[in-house]
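The entries are in the order in which I made them.

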Amino acid sequence: YDCAGTLLMGGFNWSPNISQTNSSFQRFYNGLADHKYIRFTFSFWAIDSWDANDTFQLQFDSLPIFETLGFNNQNVREALCGIQKYQDFAGGRVFGWIEHSSPSLLMKFISKMDQSTHDESFGIRDIKLLLTDTVPTAPPICAYAGSIPKPGQPPCPCPLGQYKSGSGCMDCHEDCAACYGPGSENWFECA
């Protein structure tokens, strides 16, 4: 779906169902290299008439990993796509990691919205997965830019491009666009 020049997986009118509850899009990976953890990141868009209880969920192998509980209206930008009378939220960022060692992975984004995608929808892009044996020192999950994760999933403690250090925030290594520590190996996303 093209949302004002940004290509999204999902987006306005992506599902033909009258109610999109439990509609999903997914990707199956097989033959993965040996690993103990998966670090992940993605961006999301909230399109059109999201209500406070509208949500979508990310699952890895049927295990819920992330669920947004709506979005913060102060971060609504403008009517970008879909129905022009509604304003959209663009570019929420989620970073995290899970323990995972299977040679396969089913990644699934599931709508928990109660109206059609012609009225309210979401889109995903910039999905990145990193298989690693290194134990991440980052929080298991955090979200930037107005997204409201479910309880137990805090917002990231520092602005994008910084990490938590003591009681303050420090800039990421120059090779990192998003990070959880000072070294170039502590990246969520490369610069």
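The entries below treat the disulfides and then the nonpolar cores.

**Entry 1: ground rules.** I note that this is a predicted model, in which local features need pLDDT of at least 70, side-chain atom pairs count only at pLDDT 80 or more, and totals for chains, interfaces and linings use all residues. Residues are numbered from 1 along each chain as its sequence is written, and side-chain values use heavy atoms, with hydrogens and water left out.

**Entry 2: disulfides.** I took a disulfide to be a pair of cysteine sulfur atoms within 2.5 Å. By this rule I count three disulfides.

I looked up C3 and C81 and found a disulfide with the sulfur atoms 2.1 Å apart. This pair links distant parts of the chain, 78 residues apart: C3 is in strand 1 (residues 2-3), and C81 is in the loop between strand 7 (63-71) and strand 8 (89-99). Strands here are DSSP runs (E, at least two residues), numbered from the N terminus. The link of C3 and C81 is left-handed, with -75° about the S-S bond. Both C3 and C81 are buried; buried means under 20% relative accessible area, exposed over 50%, and partly exposed in between (1.4 Å probe, protein chains only).

**Entry 3: the other two pairs.** C158 and C169 form a disulfide, with sulfur atoms 2.0 Å apart. C158 lies in the loop between strand 12 (147-149) and strand 13 (162-165) and C169 in strand 14 (residues 168-171), so the pair ties together parts that are 11 residues apart in sequence. C158 counts as buried because its relative accessibility is 5%, whereas C169, at 30%, is partly exposed.

C172 is joined to C179 by a disulfide (S to S 2.0 Å). I found C176 in no disulfide; its nearest cysteine sulfur, that of C179, is 5.5 Å away. At 8% relative accessible area, C176 is buried.

**Entry 4: nonpolar cores.** A nonpolar core is a set of buried Ala, Val, Leu, Ile, Met, Phe, Trp, Tyr and Cys residues joined through side-chain atoms within 4.5 Å. I found 25 residues in the largest core, and F40, F42, F56, L58, F109 and F122 have the most contacts inside it. The largest share of this core, five residues, comes from strand 5. A second, separate core of nine residues includes F95, C142, A178 and Y180.

**Entry 5: one residue.** Leaving aside neighbours within four places in sequence, I found F109 in contact (heavy atoms within 4.5 Å) with residues including M9, F25, F42, F56, L58, F122 and I124.

Definitions and conventions: Helix = DSSP H or I, 4+ residues; strand = E, 2+ residues; numbered from the N terminus.
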